[in-house]
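Look at the charged side chains in the structure below and follow how some of them pair up.

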Amino acid sequence: MEKIIPTMSNQQLPYKTFTINGELTQEHINFFNKNGFIHFKNFISKEEVSRIWSSISGVHDKWIAEDKAKVNGIPIVYGEDENGKKIVQRSPFTSLFSRDLHDLIKSEKLKPFVKLISNSDARLSENEKDGVVVNHYINHKNSELKQMGWHTDSARDIFYFQKVQPMLNVGFYLTDSTKAHGGLRVLPGSHNQSIRSLLFKKTQFVSMSEDKNEVGIEAEAGDLVIHDGAIWHRVAMSELNGQASRRITMYVPIVCGKRNIKHDHSKTPFYHKLRFLAKK
């Protein structure tokens with residue numbers, strides 16, 4: 001079943017939600033190719049969501065106890081919840097520390113989405129880019145992750161001194177994300193742009209303001225939202241506070257091109273420093 005969802009400006013722009021039964025349909029592919037994103041309802045059950053979050057929480061608790069700073073050169077972002085408890089707010093390469101997450105990513109469920117990139121070497125990757133990333137947004141004075149400025153994921157290739165390659169981010173929603181939670185905003189169709197526009201249409205991570213053409217993604221726990229790495233997107237701040245503002249997502253990258261496996265001695269790429277500076 002498909003459902004038209006109003007955009008943030010209440011216009012009926014082309015935002016349908018879909019379901020998937022094993023394989024992508026031509027309608028799925030056409031929608032994604034045109035808009036640069038696609039939203040699948042009820043991709044995993046609430047029970048699977050609970051199991052995934054339990055596994056992630058175990059990883060986070062271990063990192064907090066160890067005061068772990070980085071994984072494969074990528075910083076772990078820590079913050080505090082509304083009760084002053086230390087929490088992990090951005091965890092890279094999370095599936096490398098969880099058998100449950102690893103098994104999910106290697107399962108048949110995600111394989112159809114690789115076809116959204118035409119390259120023959122496209123692959124789900126746990127040890128390239130930032131690996132499987134879990135983002136834990138919370139609107140609180142001591143939170144380190146409340147929002148994120150406009151950016152394109154594909155621009156990261158520049159910081160690795162590589163040619164920009166097609167990539168996708170496959171996003172699992174582990175909590176409900178309503179308009180009140182802020183959340184993902186995308187510019188539909190902006191993935192079909194020049195390299196110059198991909199890099200400079202907005203100031204990467206610094207630009208925060210609403211765009212008249214943006215579409216707000218509203219999802220429930222268990223939904224899946226895939227976006228093209230070249231699409232301009234941001235994460236808006238929640239209008240709620242504390243516990244009520246929590247928004248947790250997990251992103252699995254689909255990449256192609258030359259393999260760049262990250263390891264314990266990998267350097268921290270500059271774009272992570274840019275993110276930090278953008279918060280100041």
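Which residue forms a salt bridge with lysine 41, the closest N and O atoms being 2.7 Å apart? The partner is aspartate 223. A salt bridge here is a side-chain nitrogen of Lys or Arg within 4 Å of a carboxyl oxygen of Asp or Glu. Aspartate 223 lies in the loop between β13 and β14, and lysine 41 in the loop between β3 and α2, so this pair ties together parts that are 182 residues apart in sequence. Helices (H or I, at least four residues) and strands (E, at least two) are DSSP runs, numbered from the N terminus.

The model is predicted: local features need pLDDT of at least 70 and side-chain atom pairs count only at pLDDT 80 or more, while totals for chains, interfaces and linings use all residues. Residues are numbered from 1 along each chain as its sequence is written, and side-chain values use heavy atoms, with hydrogens and water left out.

Lysine 41 also meets glutamate 220 in a salt bridge, at 2.9 Å from N to O. Aspartate 223 is buried, with a relative accessible area of 0%, whereas glutamate 220, at 38%, counts as partly exposed. Buried means under 20% relative accessible area, exposed over 50%, and partly exposed in between (1.4 Å probe, protein chains only).

Another salt bridge joins arginine 234 and glutamate 214, at 2.9 Å from N to O. Arginine 234 is in strand β15 (residues 233–236) and glutamate 214 in the loop between α5 (195–200) and β13, 20 residues apart. Arginine 234 is buried at 7% relative accessibility, and glutamate 214 is buried at 3%.
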